[in-house]
Amino acid sequence: MGGTGQDMSPMDIEQEQQSYMRIAAALRNYRTTSSNAMQRQQRHFGALHPKYKELFGDHAPLFEKWEAAIDANQQFLNNIAHASDFLFDCYWPEGELKPLYERPTALDMDKVASTLKMFVRDWGAEGAIERQLTYEPIYQCLERHWPDRASRGAIKVLVPGSGLSRLAFELTLRGFACQGNEYSHHMLIGGHFMLNHLTQRDCATIYPYVDQSINVFRRSDQTRAVTIPDMCPAEAVQALNEEGLEQGDFSMVAGDFLEVYNRPHEVGTWGSVVTCYFIDTAHNIFEYIETIHRVLQPGGVWVNIGPLLYHFSDAPDEYSVDLSYDELRRIIVSYGFTIDEERRVQCGYTVNKDSMKWAVFNNIYFSARKTGEPTIASKDVFAVKPPHLYHDGEDAAPGAAECGPPQGDRGAQGG
């Protein structure tokens, strides 16, 4: 999401509104896409030779359970889409709104299915192992740097790529003032729902693996129910207050990380930046390092955990600089960071514990302090490229189209 409207052209506002509404429409159209996939399998079973049908037995119960799980997911997603209408009004409270004229894309629909799995990772009891392996080292690092809980309210922690917001929210429960930043409408809408519209633990039931018909060990695994959230945000804050403790300030900003935080008032204002499965979302990872260094206070702490998947690497019309970790480490140090901790952490990502296929990353974890400035002659040159230029299919180096230093609000705060 690009902005609230104050720093955007009418065309930009319209495009952002259409994008937001398109994702809400994708949530509401989940059943259609998922049912189409189910019906394809149903036709294939129906086309089996009578001999094979006799061997398998009655396949009708399989598809009845499959369809019921899809219907339950659709009801859950309808609730999220309905709640998103209120979030939409927060971003654009005034002005003329054009009807949706963009149809959800196949990628939009795929991301709806993957978002169901993300709810398990961030807000389900089954995701506790992944959260323990990836989030706990971050908590421990920040708590070592700021052991006095009473002073943490003055420590501003930025979490770009905050997803469904569990990590950022947990940091506020530990007393830090935390701001999440997210670009994906799927994540923004889903995170808003989890934080603001669920009133107790385990009050929602989803079937996150129903759309996975391959690598299924037992058929019942496909229609296995998962309850969320394993922690209700409102209950967690109330429990904290009952202990006489206060939650740190919590805010969310919607938009591209580079656009939002390369503004003059962000320079040197953050005590810590936490990047969890984030830095490989860059077109040009140099720009992420530069921006993180710019926004941190002297002595500020950068904590990172995640792989180097480089999301745009295989896209033929996208720009992507794919550094190895040893190259990346050298650049980080050259920017004026001192690396204090460094280790590998193996962890799954949205793993279905019963599946025959798991995605496991051998992540890099590090913590680094901003102890100096870049060691190159051109350290004062602002070379961060406007993000939209990376989506035009051009293959020019960033230096060929540099934007000037921050001159004002190019990004937008979402709320």
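Predicted model: local features only at pLDDT ≥ 70, side-chain atom pairs only at ≥ 80, totals over all residues.

Colleague: Which way do β1 and β2 run, and how many bridges join them?

Modeller: They run parallel, with 5 bridges between them. Strand β2 spans residues 177–182.

Colleague: What stands opposite K156 in β2?

Modeller: That is A177.

Colleague: And which helix goes with β1 and β2 in the β-α-β unit, and what is the hand?

Modeller: Helix α8, residues 166–173. The unit is right-handed.

Colleague: What about β6: how many bridges join it to β1?

Modeller: There are 2 bridges, and β1 and β6 run parallel. Strand β6 is residues 270–276. Within β6, S272 is the bridge partner of V157.

Colleague: New topic. Where is C203?

Modeller: C203 lies in the loop between α9 (185–196) and β3 (204–206).

Colleague: Buried, exposed or partly exposed?

Modeller: C203 has 35% relative accessibility, so it counts as partly exposed. The cut-offs are under 20% for buried and over 50% for exposed.

Colleague: Which residues is C203 in contact with, leaving aside neighbours within four places in sequence?

Modeller: L198, I228 and P229.

Colleague: How far apart are C203 and T227?

Modeller: In sequence, 24 residues. In space, 6.9 Å, C-alpha to C-alpha.

Note on methods: Residues numbered from 1 in each chain as written. Heavy atoms only, no water. Pairing = 2+ DSSP bridges. Helix = DSSP H or I, 4+ residues; strand = E, 2+ residues; numbered from the N terminus. Right-handed = clockwise from strand over helix to strand, strands pointing away. Buried < 20%, exposed > 50% of the residue type's maximum accessible area, 1.4 Å probe, protein only. Contact = heavy atoms within 4.5 Å.
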